[in-house]
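Trainee: I would like to learn how to read strands, helix contacts and cores in a model. Please take them one at a time.

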Amino acid sequence: MKKRRVPVLILILLLLFAIPVSAAEGDQRELPRFVDDADLLTDEEEAALLEKLDEISERQSCDVVIVTIDSLEGKTSVEYADDFYDYNGYGVGDEYDGLLLLVSMKDRDWAISTSGFGITAFTDAGLNYISEKFLPLLSDGKYSKAFTKFADLCDDFITEAKTGEPYNENHLPKEPVGVFWIIVDLVVGLGIGYVIAFRKRQKLISVRRKVEAEDYTVPGSFVLDVNTDTFVRRFVTSKSVASTESKSNSGSTTGGSTTHTSSSGRTHGGASGKF
């Protein structure tokens, strides 16, 4: 009996349909979410950071990328960050949701490029808040801690934007108060209160309690000759309820994201500076 041979075309079709949908769609990234061209981290630190960035990006469906380089090669930090993000396939979904932190060692420049949902989640005020938290570590050469801090803050900001209101000028994370400062405030408050009470008590040492009301008056010091009431004028204050409601429902126009167009034609937000 002759064996039947399956046509090559049918085999190819079977293989194509056997590929999972996620694999067929593919991950458009050409590089990992952490690129350390400036060689700032050890192999162990790099592996741990990459794992964190991948976990956050996949869980949030929003790429969080960190790139270190030696030189900007004639570009501005913003241009380099935008182009690196666009031309290396970063971003999730049709809007290329995500953000990228670029660190240039020779120029001591940094830049953050946001895209898609990243523009919504990371407003100008929010990026300023984030930079104030990780830049001191970056300036001190604590690169692993700086990048980890940046990644954790990005995770918090994306979560806040998805579940509530994006952090902006009027809505930023509340700083936790340390136990030490609570104790200091209590001690200082009690000390000030004791001093004030002590001084007032010293002034009242010579005072003696009087029983009768007449003991507090000087005889003949008050004489009432005429007692009349005169109506002078009337004041009426009114307030428009409608105008108050209109003002409260108008919403805030501050704390948004400033955007620009990159060389690829995409829209980006972001921030930049020196460290």
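**Strands, a helix pair and the cores**

Mentor: This is a predicted model. Start with strand S5 (residues 259-261), which pairs with S6 in the antiparallel sense over 3 bridges. His260 has His268 in S6 as its bridge partner.

Trainee: How many residues lie between S5 and S6 in their hairpin?

Mentor: There are 5 residues between them, and Gly265 in the turn has a positive phi of about 95 degrees. S6 (residues 267-274) also runs antiparallel to strand S4 (residues 109-115), with 6 bridges joining the two. There, Trp110 stands opposite Gly273 in S6.

Trainee: At what angle do the axes of H3 and H7 cross?

Mentor: Helix H3 (residues 43-60) and helix H7 (residues 143-163) cross at roughly 5 degrees, their axes coming within 11 Å. Angles under 35 degrees count as roughly parallel, so H3 and H7 are roughly parallel to each other. The residues of this contact comprise 6 nonpolar, 4 polar and 6 charged. Among them, Leu49, Leu53 and Ile56 are on the H3 side, and Phe147, Ala151 and Ile158 on the H7 side.

Trainee: Which residues touch the most other members of the largest nonpolar core?

Mentor: In general, nonpolar side chains of soluble globular proteins tend to be buried together. Here the largest core has 36 residues, and Leu101, Phe122, Leu138, Phe147 and Phe150 touch the most other members. H7 gives the most to this core, with 10 residues. Phe147 touches residues including Phe34, Leu49, Ile66, Leu101 and Leu138.

Trainee: Which residues does the second core include?

Mentor: That separate core has 13 residues, including Val35, Leu72, Phe84 and Tyr90.

Terms used. Residues are numbered from 1 along each chain as its sequence is written. This is a predicted model: local features need pLDDT of at least 70, side-chain atom pairs count only at pLDDT 80 or more; totals for chains, interfaces and linings use all residues. Side-chain values use heavy atoms; hydrogens and water are left out. Two strands pair if DSSP finds at least two bridges between them. Helices (H or I, at least four residues) and strands (E, at least two) are DSSP runs, numbered from the N terminus. Axes are lines fitted to C-alpha atoms, for helices over the stretch in contact, and angles run from 0 to 180 degrees between N-to-C directions. Angles under 35 degrees count as roughly parallel, over 145 as roughly antiparallel, 65 to 115 as roughly perpendicular and the rest as oblique. Contact means heavy atoms within 4.5 Å. Ala, Val, Leu, Ile, Met, Phe, Trp, Tyr, Cys and Pro count as nonpolar, Asp, Glu, Lys and Arg as charged, and the others, Gly among them, as polar. A nonpolar core is a set of buried Ala, Val, Leu, Ile, Met, Phe, Trp, Tyr and Cys residues joined through side-chain atoms within 4.5 Å. Buried means under 20% relative accessible area, exposed over 50%, partly exposed in between (1.4 Å probe, protein chains only). Lists of a residue's contacts leave out its neighbours within four places in sequence.
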